[in-house]
Structure formats: C-alpha cells, structure tokens
Amino acid sequence: MTRPFNFSPGPATLPPEVLQQAADEMLDWQGCGMSVMEMSHRGPEFLSILTQARDAVRELLSVPPEFQILFMQGGGLAENAIVPMNLLGATRADQAVNFVLTGSWSQKSYKEAQRYGAVHVAASNQASQQTTLPPPSEWALSPQAAYVHICSNETIDGVEFQELPDLLSLGCDAPLVVDISSHMASRPIDWARVGLAFGGAQKNVGTAGVTLVFVHESLLGYALPICPSAFNLQTVAQNASMYNTPPTYAIYIAGLVFKWLNQQTHNGLVGLAAVEARNIEKAQLLYDCIDHTPFYENKVDPSCRSRMNVPFFLRDARLNDHFLAEAKAAGLLQLKGHKSVGGMRASLYNAMPVAGVQALVNHMQDFAQRHG
Ligand SMILES: *Cc1c(COP(=O)(O)O)cnc(C)c1O
C-alpha cells in the first residue's frame, strides 16, 4: 500500500513503521491480552511504556539529568498559562516576563501571560512582518526578568531560531522558556541555555493529547497559589507524570516515535544527527525550488527560515485552488496555508521522507511550467 505524502502542520504525518506497530499491537499489547488503551496507568505494562518513552526522549535529545521530563495534557496553549503560573512565584527583583515576539504563537503566549503577571516586550519582528528574527544583541531584556519567553519555531510564519540565545552573555540571568511545539526533536537543543521547554506531541513526535515539558529542577517549587494541582510542575514531577491519569495512548505513540527517531540513519549519521541532516536536506530541496522558480515566493529571510514549516505563495493567487486540487490528485495532502497568511504551507516534520519533498518539488515545477 502506498500512502500519499501529508504536509499537514499538525496533527501531522507519522512514521508508517510506528502506525504499523500500533496497528499490530492494537488488540493485544505484547501478549498481555489488552490494548494499551485498556490497561491501568498504574499497572506494570503501562509503567514500562512510560519509562521507555521517557528514557528514549532523554537519549534522543541528550536531556541532562537535572531536567525533569514531564508528560502533561493541555497542549502548547495550556502551557502559556501553566508556565507563568509555575514560575511567577519566584522572587526576582524585576518580575516582568520578557517576551520576544516573532509570530502568531509567541503573540498568543504573550497575551495569555498577561493574565498572570507583568509582561515586557524585549524584541519583536513586527516591522519586517515576521520575515526576520531580531538579533539577541538588540533585545531590550530586563536584567532580572522573571523569565524570557521565545517560540523557537513559528509554525505559521515559518521563522526558526537557528541557535538559542545565550541570555547570560546578554547580561540577563533569567531562565529561558522555549516553545518548541513545532520543531521538537528536529535538531539538537542546547540545554545549557534553557530553563524550560514545552510542546505538544502532535506536530513532530506523536499524536495530540500529550504535551512534553522539559524543566530544570531549580525552577520547581515556585507556583502561584492559583495554579491547579494537576498543572503544578513540581507536583507532576514528584509523581513522575502520574499525579492524575496521563494520556496513556498518546504517550505510547510518542514512545514509539522516539524509538524510531533514535534508530534513524542518514549519510552515516545515527539518531538525532541523522534526523537533523535529513531535515536540512529536505528544507534545502524545497527552498531551492521556491527561490529558483519565479512562479513561487517565500518571504522569510534565508537566515531564519524554518526547516519544518515552509510557507510559500504562488505569484498568481488565483491559481491557489487549482494548485491544491492537482497536488491532492498527485498524492500531496494538506498544503493549504494558514488562514491568517494565505498561500501554501508545507510542513516537513521528521516523518516526512526526502521522497515526499521531491514529489512536492516535482509537482511545483510541473505546475509552474504549465501555468507560468
Ligand atoms: C501548535 C502550536 C501550539 C499550540 O499547541 P496546542 O497543542 O494546539 O495547544 C503552540 N505553539 C506552537 C509553536 C505551535 O506550533
């Protein structure tokens, strides 16, 4: 069976090997007579699934031992409230949360945080209409900010930090909070620069329903009294993500994806290095096509183009529907751009093979030739 290539921004394409294993194990997980959906979250079967998932993601992303890995619910959006509720109880001289606004998702985080504390915009890319990233050396950081929030990959606008900022070198000793929802496990993370990172699994590492939170131990224990217990990071950590029933099936799928990612090879590389190399190759293939075909356009500055989410426009927007219909007929699904941006968007998450991007590029070149 050949499946079409799915460029959805999320929930998104998954590795066929993972879907096949889940199908094989659907009625009876490893001979226990139960589906993963049917087992107690406190039983030995699920505990082994949870432990394996946690170990696999720690290995994949080289997460240092001083970081807790939490499996939560509520998605990236809930974290926009969960993070301030958990960090704003710490006493710092200047309690404003500093935001770097680089697109739709950091804007959303900024709005939500205002419900819990003072906020300050340290930098924004609004002047360039979200086509650049403000260089960290120009950020107006509060030296004692409660924390600094960035979205390291803006899913809708298609801008991505190629390197995380080193706040200490910028004279700011606040923890860095990073929304990694849409490029989690697509590249390494420099944990020395991070206080907390979060993201839903459904973009790049699994299905909707589980949110991963990586939090440095030193940030636990500062929740505001209004923080719900089930969203108190210290409580969740102390209970190893089992304070309440975790999203068991979503954790199982994410665990299979982490295992699959750890096993990837590409050009002699293994694991995350292989995954990153493949992601670079895929992004290059598509951006090259866009840049070299006058029929198409991507407006993001090449220095900060996302490897994961590639928005692009047909110069003649009247051909959009036709482009999408022909793409679908050619087995290329979910390429329509976000409604706030228009045009097209191709999401090239980890499970998208190079062959899928090649098929897209072939379609784009063929379409341009026939309509250019
Ligand atoms: C999708 C997305 C979110 C929202 O995630 P939900 O799981 O829908 O809450 C937040 N941030 C970024 C960068 C995203 O791509």
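**Ground rules.** Residues count from 1 along each chain as its sequence is written, and side-chain values use heavy atoms, with hydrogens and water left out. Because the model is predicted, local features need pLDDT of at least 70 and side-chain atom pairs count only at pLDDT 80 or more, while totals for chains, interfaces and linings use all residues.

**The sheet.** I looked up an open sheet of three strands, ordered β13-β14-β16 with antiparallel pairing. Strands here are DSSP E runs of at least two residues, and helices are H or I runs of at least four, numbered from the N terminus. Two strands pair if DSSP finds at least two bridges between them. At the edges I found β13 (296-297) and β16 (344-347), each pairing on one side only. β13 joins β14 (residues 309-314) over two antiparallel bridges, and I noted F313 in β14 as the bridge partner of E297.

**The backbone.** I keep a reminder that most residues other than glycine have a negative phi, and most peptide bonds are trans. Then I checked the exceptions. The bond from G10 to P11 is cis, with omega near -10 degrees; P11 sits in the loop between β1 (5-6) and α1 (16-24).

S62 has a positive phi of about 50 degrees without being a glycine, in the loop between α2 (44-61) and β2 (67-72). Q129 also has a positive phi, near 50 degrees, and lies in the loop between β4 (119-124) and β5 (148-151).

**Buried or exposed?** My cut-offs are under 20% relative accessible area for buried, over 50% for exposed and partly exposed in between, with a 1.4 Å probe and protein chains only. S62 counts as exposed because its relative accessibility is 54%; Q129 is exposed at 65%.
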